[in-house]
Amino acid sequence: MFLFTSPTETLGFVLLEAMSSGLPAVACNEGGIRDTLINGYNGISCNEKAEDEFYNACEKLITDDTLRISLAENARNYMLEKSWEKTFDRLISSYQEVIDNKVEDNSIAMTN
């Protein structure tokens, strides 16, 4: 398992690396982690400074083989779907949506 308690991870790269290795994560649900960790699917999210939550999540993964294996498999599969190409395609699509909305807003403003 990968335990990550920092609430200041900006992009979540450490979590992505762990998941790529097939490790289920127990991580603080802050910053870039929120974009990657799906609680109960590819890891367990905990609140910032919630020591009991982290402890209980780790204990659960240590004692529950079925859960640990399931989260590990899901983590690896989740990462297999990620690529720079897909990331940039989503980014370009988002930019295009903003441009299209701006053009539409300007067209409406010009007709009024």
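**Exercise 1. In which helix do Arg68 and Asp65 lie, and how many residues apart are they?**

Solution. Start with the ground rules. The model is predicted: local features need pLDDT of at least 70, side-chain atom pairs count only at pLDDT 80 or more, and totals for chains, interfaces and linings use all residues. Residues are numbered from 1 along each chain as its sequence is written, and side-chain values use heavy atoms, with hydrogens and water left out.

Step 1. Find the helix. Arg68 and Asp65 both lie in helix 3. Helices (H or I, at least four residues) and strands (E, at least two) are DSSP runs, numbered from the N terminus.

Step 2. Count along the chain. Arg68 and Asp65 are 3 residues apart, about one turn of the helix.

Step 3. Look at the side chains. Those of Arg68 and Asp65 form a salt bridge, 2.7 Å from N to O. The term requires a side-chain nitrogen of Lys or Arg within 4 Å of a carboxyl oxygen of Asp or Glu. The structure holds 1 salt bridge.

**Exercise 2. Describe how helix 2 meets helix 3.**

Solution. Two packed helices are described by the angle between their axes and the distance between the axes.

Step 1. Take the axes. Those of helix 2 (residues 51–63) and helix 3 (residues 65–80) come within 5 Å and cross at roughly 100 degrees. Axes are lines fitted to C-alpha atoms, for helices over the stretch in contact, and angles run from 0 to 180 degrees between N-to-C directions.

Step 2. Name the arrangement. Helix 2 is therefore roughly perpendicular to helix 3. The cut-offs are under 35 degrees for roughly parallel, over 145 for roughly antiparallel, 65 to 115 for roughly perpendicular, and oblique for the rest.

Step 3. List the contact (heavy atoms within 4.5 Å). Helix 2 supplies Lys60, Leu61, Ile62 and Thr63, while helix 3 supplies Asp65, Leu67, Arg68 and Leu71.

**Exercise 3. Describe how helix 1 meets helix 3.**

Solution.

Step 1. Take the axes. Helix 1 (residues 13–20) and helix 3 have axes that come within 7 Å and cross at roughly 110 degrees.

Step 2. Name the arrangement. Helix 1 and helix 3 are therefore roughly perpendicular to each other.

Step 3. List the contact. Leu16, Met19 and Ser20 of helix 1 touch Ala75, Arg76, Tyr78 and Met79 of helix 3.

**Exercise 4. What is the strand order of the open sheet?**

Solution.

Step 1. Read the order. The 3 strands run 1-2-3, with parallel pairing. Two strands pair if DSSP finds at least two bridges between them.

Step 2. Find the edges. Strand 1 (2–4) and strand 3 (43–46) each pair on one side only.

Step 3. Check one pair. Strand 1 and strand 2 (residues 25–28) pair over 3 bridges.
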